[in-house]
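Welcome, and thank you for taking a look at this chain. Please open the sequence and the 3D view side by side, and follow along as the report walks through them.

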Amino acid sequence: MAITNTWSVSNMVHEDSDGGVITVYWSMVAASDGTPSYTATEGGKLRLTPDADADDFVAYDSLTEATVLGWVYDSLIEGDETATEAKTRIENERTAKVNAQITKNADTSTGMPW
């Protein structure tokens with residue numbers, strides 16, 4: 001079975017005055033293909049303190065999902081990790097959980113004999 005990792009932003013809260021994003025709701029779902037499909041989810045709420053005068057400020061209307069997910073990956077960094085390594089760590093952890101579900105259920109079947 002193949003496992004797909006999907007990152008998404010489900011909602012954001014921004015200030016009306018300058019478009020600064022103050023909260024990002026995000027999730028990452030690892031899902032197996034096949035039937036049944038097994039999943040493991042990681043998610044959270046990222047709180048931000050936007051500064052409209054900062055050089056790297058991006059107003060709400062100019063944001064892309066890639067930019068916001070970049071903020072999420074940055075927030076997940078542990079120790080000396082890069083954002084890419086943090087993203088990969090979360091994906092590996094969720095993938096391991098899906099694989100554990102698959103292994104646990106490898107010798108079982110569902111359904112009815114009639």
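Is K87 buried, partly exposed or exposed? K87 is partly exposed, because its relative accessible area is 24%. Here buried means under 20% relative accessible area, exposed means over 50%, and partly exposed lies in between (1.4 Å probe, protein chains only). This is a predicted model, in which local features need pLDDT of at least 70 and side-chain atom pairs count only at pLDDT 80 or more, while totals for chains, interfaces and linings use all residues. Residues are numbered from 1 along each chain as its sequence is written, and side-chain values use heavy atoms, with hydrogens and water left out.

**Salt bridges**

The whole structure holds 6 salt bridges, each being a side-chain nitrogen of Lys or Arg within 4 Å of a carboxyl oxygen of Asp or Glu.

| E42 | R94 | 2.9 Å |

The salt bridge of E42 with R94 links distant parts of the chain: E42 is in strand 3 and R94 in helix 2, 52 residues apart. Helices (H or I, at least four residues) and strands (E, at least two) are DSSP runs, numbered from the N terminus. E42 counts as partly exposed because its relative accessibility is 22%.

E91 and K87 are 4 residues apart in helix 2, so about one helical turn separates them. E91 has 12% relative accessibility and therefore counts as buried.

E93 and R89 also share helix 2, again with 4 residues, about one turn of the helix, between their positions. R89 is buried, with a relative accessible area of 18%, whereas E93 counts as partly exposed at 33%.

Which residues are linked in a network of salt bridges? The network takes in E42, E78, E81, R89, E93 and R94. One member, E81, is placed in the loop between helix 1 and helix 2 (83-104). E81 is buried, because its relative accessible area is 19%. The side chains of E81 and R89 are joined by a polar contact of 2.7 Å. A polar contact is a pair of N or O atoms within 3.5 Å; within protein, one must be able to donate a hydrogen and the other to accept it, and residues adjacent in sequence count only if both atoms are side-chain atoms.

**Loops and a charged patch**

Two other loops are worth a visit. In the loop between strand 2 (21-32) and strand 3 you will find P36. A cis peptide bond joins T35 and P36, with omega at about 0 degrees.

D55 lies in the loop between strand 3 (39-47) and helix 1 (65-75). D55 counts as exposed because its relative accessibility is 85%. Together with D51, D53 and D56, D55 forms a negative surface patch. Such patches are made of residues with over 30% relative accessible area and no salt bridge, with like charges joined within 9 Å and nonpolar side chains (Val, Leu, Ile, Met, Phe, Trp, Tyr) within 5 Å. Lys and Arg count as positive and Asp and Glu as negative, while His and the chain ends are not counted. The place of a charge is taken as NZ of Lys, CZ of Arg, CG of Asp or CD of Glu. The accessible areas come from the Shrake-Rupley method with a 1.4 Å probe, and for residues, only the protein chains shown count as cover.

**Distances along the chain and in space**

D18 and A31 are 13 residues apart along the chain, and 38 Å separates their C-alpha atoms. D18 is found in the loop between strand 1 (3-14) and strand 2, and its relative accessible area of 28% makes D18 partly exposed.

I22 and E65 are 43 residues apart in sequence and 15 Å apart in space, C-alpha to C-alpha. I22 belongs to strand 2 and is partly exposed, with a relative accessible area of 27%.
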